[in-house]
Number of protein chains: 2
Amino acid sequence: MDARRNNILKEIVETFIKTAKPVGSKALCDKFNLSSATIRNEMAVLEELGYLEKNHVSSGRVPSEAGYRYYVEHLMEAEKITGSDMLKLQKIFASGELELSDAINKCMEIISDITNYTSVVLGKNSKDNNLLQVSIIAINPTQVVAVVCTDKGNVENKMFNIGDSININELIKTSEIINKMLAGTPIDEVSVRLESDVKPIIKRQIKQYETVYNIFYDAFNDFVAGSSIHIAGRNNIFNQPEYNNISELKRLANKLDDTALIEKVAEDDNDENEIKIFIGDESEFDPNVTIIRKKYHINGEEGTIAVIGPKRMDYQRIVSLLEYIDEKLDSRKDENGK
Amino acid sequence: MDARRNNILKEIVETFIKTAKPVGSKALCDKFNLSSATIRNEMAVLEELGYLEKNHVSSGRVPSEAGYRYYVEHLMEAEKITGSDMLKLQKIFASGELELSDAINKCMEIISDITNYTSVVLGKNSKDNNLLQVSIIAINPTQVVAVVCTDKGNVENKMFNIGDSININELIKTSEIINKMLAGTPIDEVSVRLESDVKPIIKRQIKQYETVYNIFYDAFNDFVAGSSIHIAGRNNIFNQPEYNNISELKRLANKLDDTALIEKVAEDDNDENEIKIFIGDESEFDPNVTIIRKKYHINGEEGTIAVIGPKRMDYQRIVSLLEYIDEKLDSRKDENGK
DNA sequence: ATTTAGCACTGTTGGAAAATGAGTGCTAAA
DNA sequence: TTTAGCACTCATTTTCCAACAGTGCTAAAT
């Protein structure tokens, strides 16, 4: 891989990113002051090496997954975000009015709009949250709401209908017991300790302890399940020329609707704070897309932002956009964690 | 419109609903023991009347919007829900474990799955909710959560970063004042009365009253905005044969992503409790779909469930399914509003 | 007065054949 | 090493044609 070959590969990847059409030898003649035949020879080598592919024997070349990977690792220049892109994002942070999580959503919406890719924001993994308190609010004689609050400020609530059998005061009493015993417990351990530690206690003090126990159990269980997904520009990616056939389009649309699958985007936790790029089969999501992802941490809340595009995605641009957002989030965190 | 003509129209609509292919005269010969020529004559009349259309001069007939409307109003037989459909829905209500709003979502998901249409559940219009109480929970010295609870059991919460300037006790004191003064106030009037009634009071008692006021204002404002949309089987409708071309598919996909547009499905409040059918242009949503919708009220919470399908939708089936759900919801409400 | 058989006509659909064109690999000369 | 030239391949587009489903109309039959 001498310099010229690198440059040719780089050029091919980048023009394919731009045009979405297989690139032929003639297209590069001018750029390199070489004849098409020479370029063809180089292309043949690059294909041999596994970086390029052909759709059929007489078509132009298309980067393979290995080609993109090589491009991303060795060829891509770390460009700064462009002025106009920055301008659009700046507005969001400038006002400072938005809550941070809303600001993130908004950012990803803008990124989706200007790039025609789809973004996801995965938040509130509720890991690292500890129980602060649970309160019972009586709505009326037969309905109560249990409000669970963590030390990271996440709140979840659930309404229950209690028959005549349960006295509201017993619920409140139980909530106080729970608060005394379990405050500070990691939220995903609460249901376990509720059973092992609290249940025996209330068994002695509360008449309908079984029902009461179930209510709190449900309330906590709901909390653990809670994790938020926000998809921005869900259909934008379909404007990419690769989605010009129905079955492909439907396939991806269904994946974007599959919560469990989307959540996997945040998995694989090595090199936590780096921007990670998953090209095609490198992620479980879909062999035909690239996912570029960054994790963020604000006030102990952890989340992931990711952009989903075709493999022929504008890597440079997305990386620089995500870096910019991360920078901004960092600075806001210091100044005012709102 | 004599009986025979009605029957022919009915037959045409129903076979088109089944097959999605324009129906020709021959297809009806056997059903009516008439020659194709006679059927053709009748069809010509029905076309004259505006109930049928042709795609081109020598194609079979397709119901027009007016045709569907006529069918729905005069021809469609109110059939009972089929046994197998009922079975699938029964399971949801049988266990009784699910919270009612979850049960509704689940129902619509099942309906979407068995019919290949898309459903929406619009909930928590927060109209008719009155303030029960607002509480302040201190997370740590600089962060608090405001929890707003209504008499219908809806809860909303919002975290705030308070600088050193604000004393948490002042917030708690203010919350007590608000509870005393505004409990019972319709939730969408609270922010107004907060300004007119409460602000003057706290001005005298609270040092940083301007900031404190803003916090509560934000908390209540968030509440009013909250209304939930759940889309079930978002992509199912794309399995309908009418969505065999990309642009049509994208167009609808974008509409299903347009929150404001979806919310309009619940608008137009006459005959509140009837199942309403919007065929094509009859709704603002999209000229090429039919929307069948039903409002529900449970414990004062109001919501809308709707099924979105092609105009060639199985009207009978959807109507009977929605009726069944409504029935079930009604009975659950009486027995136990959970 | 209806109903029907018969016929000419129309537009869709699908496939085969042909033309076009972009791009390749290879060879031999520069 | 590079390049001009040539034969070849395969996707794409266009054209043409046949088959087909269905119509409207007319004239005869019931």
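Which helices each supply at least two residues of the surface near DNA strand C? Helix 3 of chain A and helix 3 of chain B both do so, where helices are DSSP runs (H or I, at least four residues) numbered from the N terminus. The model is predicted, so that local features need pLDDT of at least 70 and side-chain atom pairs count only at pLDDT 80 or more, while totals for chains, interfaces and linings use all residues. Residues are numbered from 1 along each chain as its sequence is written, chains are lettered from A and ligands numbered from 1 in the order in which they are written, and side-chain values use heavy atoms, with hydrogens and water left out.

Around DNA strand C there are 20 residues, of which A:Ser25, B:Ser35, B:Thr38, B:Val57 and B:Ser58 come nearest; a residue is near a strand if one of its heavy atoms lies within 4 Å of it. Helix 3 of chain B provides the largest share of this surface, 4 residues. The surface near DNA strand C comprises 5 nonpolar, 10 polar and 5 charged residues (nonpolar: Ala, Val, Leu, Ile, Met, Phe, Trp, Tyr, Cys and Pro; charged: Asp, Glu, Lys and Arg; polar: the others, Gly among them). Sugar or phosphate contributes 73% of the atoms of DNA strand C within 4 Å of the protein, and bases contribute the rest.

DNA strand D is surrounded by 20 residues, the closest being A:Ser35, A:Thr38, A:Val57, A:Ser58 and B:Ser25. Sugar and phosphate make up 74% of the atoms of DNA strand D that come within 4 Å of the protein. Here the largest share of the surface, 4 residues, comes from helix 3 of chain A. A polar side-chain atom of A:Ser58 is 2.6 Å from a base oxygen of DNA strand D.

Within chain A, helix 1 (residues 3–19) and helix 4 (residues 65–75) pack at an angle of about 115°, with their axes 10 Å apart. The contact involves several residues, including A:Leu9 and A:Phe16 of helix 1 and A:Tyr68 and A:Leu75 of helix 4, contact meaning heavy atoms within 4.5 Å. Its residues divide into 8 nonpolar, 1 polar and 2 charged.

Terms used: Axes are lines fitted to C-alpha atoms, for helices over the stretch in contact, and angles run from 0 to 180 degrees between N-to-C directions. A polar contact is a pair of N or O atoms within 3.5 Å; within protein, one must be able to donate a hydrogen and the other to accept it, and residues adjacent in sequence count only if both atoms are side-chain atoms.
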